[in-house]
Amino acid sequence: MIISLLGYMGSGKSHVSKNLSKKLNFPLIDLDQKISEDNLLSIPEIFQTKGEIFFRKEEKRVLENILNEEKDIILSLGGGTPVYYSNMDLINEKSKSIFLRASVKTLTERVLLQKNTRPLIAKLNDDDVPEFIAKHLFERNPFYGKSHFTVDTDSKTANDISDEIIKLLKI
């Protein structure tokens, strides 16, 4: 079984995927990390030197390869992955998708801690980040909402969230 974790940046995908991977003894694949390894560049470097269109095409290619070749993995997706091409349909067809939902307040607090590593918000004033996130969520929620399951992550530990996912999937 492939378990795909999706949600906005700061929703806990990386943290929860590591925890879930250990609990289930499934290998973890972080989609952004795989794209970065394939291109020998960090995600911010890819955005800066090759642009978002190149990144989204690479994201689709790598996503398709993983979903078609892997078994019994935890797949941590990028925040925008479900939005582009027919990625969300593919994710739902080839895996169990879990939307890690967090409030704008929680997301803002979390992403501001890593602002410099987040290409989409790196150049924004801190005060503009909540509005930016709210606008993005409005655009992305229709895609996130197609997930097989939704788990709220506000005020929960990665361990609690992992347990909830395991219970939902009846593993």
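Predicted model: local features only at pLDDT ≥ 70, side-chain atom pairs only at ≥ 80, totals over all residues.

Student: Let us begin with the inside. Which residues touch the most other members of the largest nonpolar core?

Tutor: Leu 31, Leu 63 and Leu 75 do, in a core of 30 residues.

Student: And which elements supply at least two residues each of this core?

Tutor: Two strands do so, S1 (2–6) and S3 (73–76). The helices are H2 (31–39), H3 (43–49), H4 (51–69), H5 (87–94), H6 (104–112) and H7 (129–144). The largest share, five residues, comes from H4.

Student: What does Leu 63 touch, leaving out residues up to four places away in sequence?

Tutor: Leu 63 touches Leu 31, Leu 75, Leu 77, Thr 81, Asn 87, Leu 90 and Ile 91.

Student: Leu 90 is on that list. Where does Leu 90 lie, and is Leu 90 buried or exposed?

Tutor: Leu 90 lies in helix H5. Its relative accessible area is 17%, so Leu 90 is buried, the cut-off being under 20%.

Student: Which residues is Leu 90 in contact with, beyond its neighbours within four places in sequence?

Tutor: They are Leu 63, Glu 64 and Leu 67. Leu 67 is 23 residues from Leu 90 in sequence, and their C-alpha atoms are 8.1 Å apart in space.

Student: Now the strands. How does S1 pair with S4?

Tutor: S1 and strand S4, residues 96–101, pair in the parallel sense over four bridges. Ser 4 has Ser 97 of S4 as its bridge partner.

Student: What about S4 and S5?

Tutor: S4 and strand S5, residues 149–152, also run parallel and are joined by four bridges. Here Phe 99 stands opposite Thr 150 in S5.

Student: Turning to helix H1, how does its length compare with what it should span?

Tutor: The 12 residues of H1 (residues 13–24) should span 16 Å at 1.5 Å a residue. The end C-alpha atoms are 16 Å apart, which agrees.

Student: Which residues of H1 are buried?

Tutor: Lys 13, Val 16, Ser 17, Leu 20, Ser 21 and Leu 24 are the buried residues of H1. They cover an arc of only 135° around the axis, and therefore lie on the same side of the helix.

Student: What do the buried residues of H1 pack against, and what does the face turned away from them carry?

Tutor: The buried residues pack against S1, strand S2 (28–30), S3, S4 and helix H8 (158–169). The face turned away carries the exposed residues His 15 and Lys 22. Just after H1, Asn 25 takes a positive phi of about 60°.

Student: Let us move on to charges. How many salt bridges does the structure hold?

Tutor: The structure holds 12 salt bridges. One of them joins the side chains of Arg 61 and Glu 58, at 2.9 Å from N to O. Both residues lie in helix H4, three residues apart, which is about one turn of the helix.

Student: Are Arg 61 and Glu 58 buried or exposed?

Tutor: Arg 61 counts as partly exposed, at 34% relative accessibility. Glu 58 counts as buried, at 12%. Both belong to a network of salt bridges that also links Lys 34 and Asp 38.

Student: Which residue forms a salt bridge with Lys 115?

Tutor: Asp 126 does, with the closest N and O atoms 2.9 Å apart. Both residues lie in the loop between H6 and H7, so the pair ties together parts that are 11 residues apart in sequence. Lys 115 counts as buried at 14% relative accessibility, whereas Asp 126 counts as partly exposed at 42%.

Student: And which residue does Lys 135 pair with in a salt bridge?

Tutor: Lys 135 pairs with Glu 139, and their closest N and O atoms are 3.1 Å apart. Being four residues apart in helix H7, they are separated by about one helical turn. Lys 135 counts as exposed at 52% relative accessibility, and Glu 139 as partly exposed at 38%.

Definitions and conventions
Residues numbered from 1 in each chain as written. Heavy atoms only, no water. Core = buried A, V, L, I, M, F, W, Y, C linked by side-chain atoms within 4.5 Å. Buried < 20%, exposed > 50% of the residue type's maximum accessible area, 1.4 Å probe, protein only. Contact = heavy atoms within 4.5 Å. Pairing = 2+ DSSP bridges. Expected span 1.5 Å × (residues − 1). Arc of directions from axis to C-beta. Salt bridge = Lys/Arg side-chain N within 4 Å of Asp/Glu carboxyl O.
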